[in-house]
Amino acid sequence: MAVTIGGWLARFHYDVLGHLYLLTVIVLSLRVSRWPALISALVSALAWNYFFVPPRMSFVKPDLDEALLVSSYFVVALVAGQLTSHIREQQRSERQREQRATALFNLTRALAGTHTLAEGITAALRQTDMLFEARSALMLVTEEGCLAPHHGGSLELDAAALSLADEVRREQCAGGRFTEIFPDAVSLHLPLVREGQVLGVLAVCLPQRVIRINSQQRDLLEAFAAQVALLIERERLRSADERARLLAESDRLHRTLLDSVSHEMRTPLAVLRAAADNLKNDGARHRAGLPAEIVEATNRLNRLVANLLGQTRLEAGVVRPNLDWCDARDLISAARRSLGDALSGRPFKLDIPADMPLLRADAVLMEQVITNLLLNAVHYSPAGSPISILAGWNEAKAQVYLTIADEGRGIPAELRPQLFQKFCRGHRPTGNGLGLGLSIARGFMQAQGGDIAVTDHPGPGAWLTLHLPFAKHAVVPHE
Amino acid sequence: MSAAKPEVLVIDDEIQLRRLLRFTLADAGYEVREADSGHAGLVAVAHHQPEMIVLDLGLPDLPGLDVLRRLREWTTIPVLILSVFGREEGKVAALDAGADDYLTKPFGGAELLARLRALQRRTKQVEPANIVSFGSIEVDLVRRIVKKAGHPVKLTAREYALFRLLVTHRGRVLTHRHILREIWGPALETQTHYLRVFMMRLRQKIEDDADSPKYLQTESGIGYRLMGEGS
């Protein structure tokens with residue numbers, strides 16, 4: 001149009017104007033799509049002919065030269081226009097493909113960095129939100145077979161959205177906005193399908209201004225959904241594996257427990273039985289020593305039951321420490337008293353500062369922990385070697401501690417990683433034990449807000465340190 | 001020992017345990033009566049008015065604690081409860097509900113008899129002894145003098161009150177709450193740290209080795225007991 005008016009006013013030679021028309025058509029083709037480019041080629045050919053090719057304001061053209069000129073112009077304009085718009089089209093789809101590839105790449109990269117299903121889903125939903133400027137949410141098919149919203153989505157799911165999701169799951173095809181199923185819904189629901197099985201539904205709510213989505217966007221959304229489905233399947237398989245492994249592990253633990261419990265019980269039971277038979281026999285010559293044997297056997301059984309009970313309570317999560325102010329000396333002497341003869345023949349040294357603060361602890365749990373540690377010290381150090389307890393507090397760490405030390409061979413390095421796990425046993429000369437002592441110690445200490453650890457130290461023997469948070473009580477008046 | 005044997009009622013559902021208790025108690029010169037359930041026990045107490053009761057906390061028909069509460073509605077007969085390891089709250093509840101002492105199963109016969117003797121002392125003390133001695137310790141309850149190996153021990157008023165409480169109940173357990181209420185009053189009955197700090201000071205003055213006390217012994221999660229039999 002500009003060329004027509006300009007040409008009319010400037011009165012250029014019609015040849016020059018023809019070229020200008022051609023240029024305009026090509027420039028136009030760069031901006032608009034194929035059909036407008038074609039129409040502009042046709043209109044410009046007619047306009048050129050009508051307005052500029054002599055005789056002006058007329059299509060009548062007796063001259064063959066001029067007719068050839070106009071029609072070749074038309075063909076050139078047509079071809080040039082089509083070629084240009086074709087290139088442009090290609091460029092655009094290239095750009096879209098690239099965007100799509102980048103988006104998918106970003107998604108897979110984000111998913112690869114996640115360790116759990118929840119993390120993966122959160123990452124996927126965030127990518128979806130970013131790319132489509134949308135809000136999204138995910139519903140997963142639970143183990144019970146129903147569809148449950150997964151937390152962490154940016155889209156609130158109402159009852160309508162949930163029932164639509166059920167529909168989508170049943171039909172295994174997209175539903176909601178931009179589809180034939182419930183097009184009035186606010187969000188687009190895509191099923192997450194793997195091997196013919198729906199694992200969940202992805203709901204995407206595009207901004208209100210988007211009134212339609214083209215096939216590329218649709219494809220991209222579906223590709224996203226496929227990636228998320230893959231993620232879910234991967235995590236499900238992984239957790240199934242994990243479960244199977246745990247089951248096998250707990251089976252093994254139960255067998256170990258039964259084996260060692262029956263072994264640990266039979267020894268004192270055999271002692272009791274033999275002692276009773278000897279007592280019945282009036283002629284037996286060693287009756288004097290039997291009562292002590294019987295007492296020792298019952299003590300052993302009693303400790304076994306206490307530890308089994310402790311472990312069971314820990315595993316059932318019913319250990320509720322009754323925290324109160326305790327004097328470390330009380331805890332230690334109660335533990336020593338409950339061990340009775342088991343500690344005889346062992347020089348005992350207690351190194352406790354006169355101003356040792358009170359501990360905030362459960363006295364009964366502490367007594368059992370200290371008993372277990374003292375008993376370990378007895379079992380894992382040579383007969384007659386001393387056992388000592390060092391108590392104190394560490395201002396910097398705000399901890400009070402008790403270290404139980406023996407002078408045995410110490411804890412072998414290979415045992416350390418699993419030292420506090422149940423059924424972990426060292427080699428010891430006397431009996432086997434259940435391997436529950438340290439596991440209970442850790443459980444009880446942690447229940448009280450403290451912990452147990454191996455302390456590195458110069459010299460021989462094992463040092464195990466119990467620590468608890470340092471707690472301050474109100475000043476007690478002197479009278 | 002008086003002519004009539006002191007009668008002990010054992011309320012326990014385990015027949016084997018009852019049998020063994022009967023052997024032990026009869027050998028020690030007690031008259032033993034048995035009840036195999038809480039209800040039967042209550043009836044037996046009403047009929048025979050035993051001198052002491054040994055009561056298992058884990059009875060099938062009626063919780064031992066309920067038996068104890070019903071008993072305490074009308075009688076102050078000394079009750080020794082039997083319980084198992086790890087049920088410290090139950091023991092404390094029973095002691096606070098009026099039980100006089102406890103034993104944790106499994107226990108030895110000597111332990112049982114020592115507990116019963118301590119309970120008997122309580123009922124028999126028509127006229128409290130003026131002077132109590134155990135080990136190297138001598139306490140003159142009238143003149144408020146404590147001696148260790150013949151030398152006077154200086155105690156503050158509250159330390160003496162605490163020590164006196166334990167001495168007059170020697171051999172018997174006293175719960176933290178009980179001691180705190182007696183010595184510091186009901187307002188401070190949960191302030192265990194008072195008790196810990198004073199017990200520490202008391203041990204330093206009374207015990208030969210305060211770090212492993214011989215007399216002032218702790219009962220984890222329950223209270224204190226003064227060990228040392230004697231007049």
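Biologist: Let's start with the sheet in chain B: what is the strand order, and how do the strands pair?

Modeller: In this predicted model, the order is β2-β1-β3-β4-β5 in chain B, an open sheet of 5 strands with parallel pairing.

Biologist: Which strands stand at the edges, and what makes them edge strands?

Modeller: Those are β2 (31-35) and β5 (101-105) of chain B; each has a single partner strand, so one side of each is left without a neighbour in the sheet. On average, neighbouring strands here are turned by 20° against each other, if you ignore direction.

Biologist: How do you know that β4(B) and β5(B) really count as a pair?

Modeller: Count the bridges. Two strands pair if DSSP finds at least two bridges between them, and β4 (residues 79-84) and β5 of chain B share 5, in the parallel sense. That makes them a pair, by the cut-off. To find your way in the viewer, look for B:Leu82, which stands opposite B:Leu103 in β5(B).

Biologist: Now the helices. Where does α2(B) lie on the sheet, and at what angle to β1(B)?

Modeller: α2(B) lies across β1 (7-11), β2 and β3 (52-56) of chain B, and runs at about 165° to β1(B). As for α3(B), this helix touches β1, β3 and β4 of chain B, and its direction makes about 155° with that of β3(B). Angles over 145 degrees count as roughly antiparallel, so both helices qualify against those strands.

Biologist: And why are α2(B) and α3(B) called roughly parallel to each other?

Modeller: Helix α2 (residues 38-48) and helix α3 (residues 64-72) of chain B pack at about 20°, their axes 10 Å apart. The crossing is right-handed.

Biologist: Which residues meet there, and how do they divide by type?

Modeller: From α2(B) you get B:Gly38, B:Gly41, B:Leu42 and B:Val45; from α3(B), B:Asp66, B:Val67, B:Arg70 and B:Leu71. They divide into 4 nonpolar, 2 polar and 2 charged.

Biologist: How many residues of each chain are in contact at the A-B interface?

Modeller: 21 residues of chain A touch 19 of chain B. On chain A, α8 (290-316), β6 (324-326), α9 (328-339) and α10 (363-379) each give two or more residues. That side divides into 10 nonpolar, 5 polar and 6 charged.

Biologist: What scores does the model come with?

Modeller: ipTM is 0.89 and pTM is 0.65. Chain B averages a pLDDT of 90, with 95% of its residues scoring at least 70.

Terms used:
Residues numbered from 1 in each chain as written. Chains lettered and ligands numbered in written order. Predicted model: local features only at pLDDT ≥ 70, side-chain atom pairs only at ≥ 80, totals over all residues. Axes fitted to C-alpha atoms, helices over the stretch in contact; angles between N-to-C directions. Helix = DSSP H or I, 4+ residues; strand = E, 2+ residues; numbered from the N terminus. Left-handed = near helix turned anticlockwise from the far one by under 90°. Contact = placed C-beta atoms within 7 Å. Nonpolar A, V, L, I, M, F, W, Y, C, P; charged D, E, K, R; others polar. pLDDT = per-residue confidence, 0-100.
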